[in-house]
Structure formats: structure tokens, C-alpha cells
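Me: Could you take me on a close look at the sheet in this model and the helices around it? I would enjoy one connected walk through it, down to a few individual side chains.

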Amino acid sequence: MILPMMLQRQKVMSLVSRTKIQPKTIANFISSRRLGFHALFHTQTVHWRTDEEVVECCQLFSFRPLDSNPLQALTANDTTRSTAALHHIRTGEALVYTGGDYHNARQLLQAVKRKIAGTSSSPRRKKRAKEKKKITGAVETNTAPFVVGNQWMKQRQLQRDQSELVHKIFIQVSLEDGRPSQIMGLKRTPTNVKDIFSYAFQNDKVMNVKGGEISSSSQPKYFLASLADFLAMVGGYEWHRKGVYIDALQDYIFPHFGVFPPTRQDYIQLMDNINVDRTTRQNPIRMMEIGIGSGVLSIILLQRKKVDRVIGTDINPYAIACAKANMQQFGFQEDLILADLFPPKAATTNEEKNRKVDVVLFNPPWIPGNAATWLDQAVYDPDQNLLRRFLLQVQHHVTEDGHVYLLLSNLGMLLGLFEERDLYAMFQEGNLELVEVHTTKSKAEMSKSRPTKKMGKKSKHHLDAVESVKAQEVISLYYLRVSK
């Protein structure tokens, strides 16, 4: 059934209650357990009403957590208005955009985003936003941290709610030899769609059917994906294709999908302060980097010969594949292990690899908060559980005269989400002694938060509270050692 649909809603809902799912479409539904998708994907059953008499049972794949209950979906096309689309999304229905133009689908997505954020171009909405701005007012930079923290948490919750709604607009992705191939049912799609999917799914298994109970003729011909997810793949593909130039390497790093690109490099200069005395060591200097990500920090330290060997761990399998590819590009063959913090003892039978390391480097998530996606886990640490576990366990993995380096922003402290004394208490609890701290100002946040001429005379001294805090961000490299 095609939208526009505001006047047809009662008819549609009555059809849902009495129309049976066609047996033919049930055979096309393959459970996620039978598909070879990576663990990074979440799946959900979608009952898509393609017309008044047929409901197709499809599979939605997403990098975001999904509900276990089936999701009802209607069809959207070039005639669908953003008001009608948002209305149906807010009532719990998804939209499958098909039979139209890809660029119009993107425009609908952007229009829905603007309506959710209250930034529509309509005069009435502009006037309402202006009045709201007058009420809230600008906040001085010396606002109490807990007030700023509350504002930040409200902003983040709003962003998450907006993202949940926007991700309810789907596209069909065809399968070719068990791999994502093309966008179905839309004209003027990008000419390099296949390359984009190859990039995004390069670390995943073939999406074939496991087991012999389903014949090849009933394997799914397509699956559903969020249009917002696909646009994220497009952006990530460009980073991967062009690479991210790293000044410290005078070369490029190529990020994989699902791994943060190292576009922010203001903290890389802190690596100059990692120094290990070779005169007291007979063996090569071995470092363990926890949460290795793209591998950029380890590559810098290896290239500068500050360390000789690296053991890298990450909980994100995409990061392990990304770091491995980047290290091979620079001629390094290091041990990369999929693990939550430290590698398990049984990760290798090699005694030399199992012994304690000389250096441990950890760039943890900087902000306390819940992490919904894999990328969120690189930014948010619920109740600082990850940081606490690291500081409690690291003494068992580093030599007695070893170095522990913790790369941490004070943004969480500025937001009032935790205090510096909490960090020092964790040092003490983990039997760690603070030797020295090296700091650098966050250049990226300074440039983003600096007042501009467009702000006007009054606004130059009044920034949004959260942006004002970001302008004060400092990144620190804590040098710790095990207390004797």
C-alpha cells in the first residue's frame, strides 16, 4: 500500500487485522540464525504490506539494537510527504521506500530529520524555535558542571530518539551469490553501490543459508536495511577510499566500516612522551595496546622505534581486521586478538607472547554513558566500568618496571559526569602510582566552539553550555607504574 496515507490510515489498519500473510512470502523469510552475518548485526522480522492483500515477511539487518517483536511496515515512494511519514513512524510503523527515486528518498529522510529536530523551514516552525531560544537563553561558560552535564544528557537522549525514528525508513538490498549487491526498486542510485557494500561488508561472511532444510529456490532474494545506515556506509566508503592522512606518519590510514576514522589527531603528539629506557632491557620492548581501533597509535610507536613488538586487542572484530590491514600496509606483522580488554591466557601457547609486556597503552572511551552501538562503545563507558576494570587488572599484565599509559580527555569531568578524584581513587585501587601527566589542548573542539561573526555581538560571549565546555577540553596522557 502506497503512502500518502493520512486519510487512509483507518482503512490500512483494518486490513492489517484481517489480511493473512501469504504462504509464498513465509518461505522467503530466513531466520538470522541461518544467515552468515557477523555478530555486529542485529536482526528483526518485518511484516511489509506491499498492497492491500499481501504482506511480505522480510528480514531487517542493522548495526543498531532492534526489538525482538515483528515490525509492521508500509510502502513509501516519491509522493510520500514528510508529515505523513513521520506520523506513521511515530505510531510504530516503518516505511520501505521503493518504486521511486533514490535522491527523493534522501530528501524525505532529511525532511523527517528536520521535522524531528524542529528545524523545518516553515515560518511557523522558525518562529517557534526562535521563541524557544529566547526562553532557554544562552548559558555562560562558567555554568555549574552538573547543569552542563544534565543539558548534555538531554541533548544526547534527544539525538538518540531522533536517530531511532530516522532509522525506520528502509531500502531493499538485493543478494548476489550471498553478498549484498544493489538497491532494489529505486532509480538513480549511486553507480558504485556494489563497491560501497563490498567495503561495508568486507569483514563479514557470505550471507548464505546454513543447513539443508531450506532449498536454494527459497533463499531470500533481498533484505531490508535502514537508508540512514546506507548513507553512513557511503560516508565511510569515502574515508576508506581516500584514506585519512596522518601528519605523524606522513602517510594514510584506511579505516574500515564500524571503526572510527582517526580524523581527530590533536592527541597524537602525546605519543612523543612515551619513552622506555632500552639500557635496562635486554629483550625487545613489547607493548600491548588495549582497544587498538584503526591501529594508528601502535603504527606510530612502531615506526618511531619506541616499541619493537605490539599485541593489540579490541572487542570490535571490525577493528581487529582494520588494524591488521593498516599494519600490513606499513610492513608490520603484529599479534591482534579479539578480546574484552586483556587477551585470555589461552589466546596463545607461545610462552614468549604470554609473558608480561613492558608497555601498556589504553585510549578508553572518554565519556561515562550507555553505548547502544559498536561505535558508541568507542566513546561511551557505562559507569566507567571499562576504565575501572582496566586499572584493576593492568598490574597483572605489565612488568614490575613497566610503563602504563592512559590517554584520557577531561570532557567527562567538565560535564560533571565524574570527578578527577574518582580517577585518582581508581589509580590507587589498582595499585598504580602516577608518575607524570602530559596534556594538550583539544584543537578540534576549540575551532568548532569558537564564536563567529554570524553570532552577533551578544552571542559572542554566550555559547551553548555544552559547546562552551568542549572549548575547554584537555587531553591527558597519564604515565603510571605498578606500586612496589
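Reply: Happy to. Axes here are lines fitted to C-alpha atoms, for helices over the stretch in contact, and the angles between N-to-C directions run from 0 to 180 degrees. With that in hand, helix α12 (residues 385-393) lies across β12, β15, β18, β19 and β20 (474-482), and runs at about 165° to β18. Please keep in mind that this is a predicted model.

Now the sheet itself. It is an open sheet of seven strands with mixed pairing, and the order is β14-β13-β12-β15-β18-β20-β19. β14 and β19 (432-441) are its edge strands, each pairing on one side only. From one strand to the next, the twist averages 15°. Another helix, α9, packs on the sheet as well: α9 touches β12 (286-290), β13, β15 and β18, and its direction makes about 165° with that of β12. Within the sheet, β15 (residues 357-362) and β18 (residues 398-409) are joined by five bridges in the parallel sense. Here V359 stands opposite H403 in β18.

T440 sits in strand β19. Is T440 buried or exposed? Residues under 20% relative accessible area count as buried, so T440, at 9%, is buried. Its side chain makes a polar contact of 3.0 Å with the side chain of Q269. Leaving out residues up to four places away in sequence, T440 touches D266, Y267, Q269, L270, V474 and I475. Further along, S442 belongs to the loop between β19 and α15 (443-449). S442 is also buried, with a relative accessibility of 0%. Among the contacts of S442 beyond four places in sequence are R264, D266, E473 and I475. The C-alpha atom of S442 is 9.3 Å from that of Q265, although 177 residues separate the two along the chain.

The β14 side brings us to helix α10. Its buried residues are covered by elements that include α7 (193-200), β11 (251-253), α9 (296-303), β13 (309-314) and β14 (335-338). Those buried residues are P317, Y318, A319, I320, C322, A323, N326 and M327. At the start of α10, a side-chain oxygen of N316 comes to within 2.9 Å of the backbone nitrogen of Y318. After the helix comes G331, with a positive phi near 85°.

N326 has a relative accessible area of 1%, so it counts as buried. Its side chain reaches the backbone nitrogen of F254 at 3.0 Å. Beyond its neighbours within four places in sequence, N326 is in contact with I253, F254, S294 and I299.

Technical notes: Residues are numbered from 1 along each chain as its sequence is written. This is a predicted model: local features need pLDDT of at least 70, side-chain atom pairs count only at pLDDT 80 or more; totals for chains, interfaces and linings use all residues. Side-chain values use heavy atoms; hydrogens and water are left out. Buried means under 20% relative accessible area, exposed over 50%, partly exposed in between (1.4 Å probe, protein chains only). Helices (H or I, at least four residues) and strands (E, at least two) are DSSP runs, numbered from the N terminus. Contact means heavy atoms within 4.5 Å. A polar contact is a pair of N or O atoms within 3.5 Å; within protein, one must be able to donate a hydrogen and the other to accept it, and residues adjacent in sequence count only if both atoms are side-chain atoms. Two strands pair if DSSP finds at least two bridges between them.
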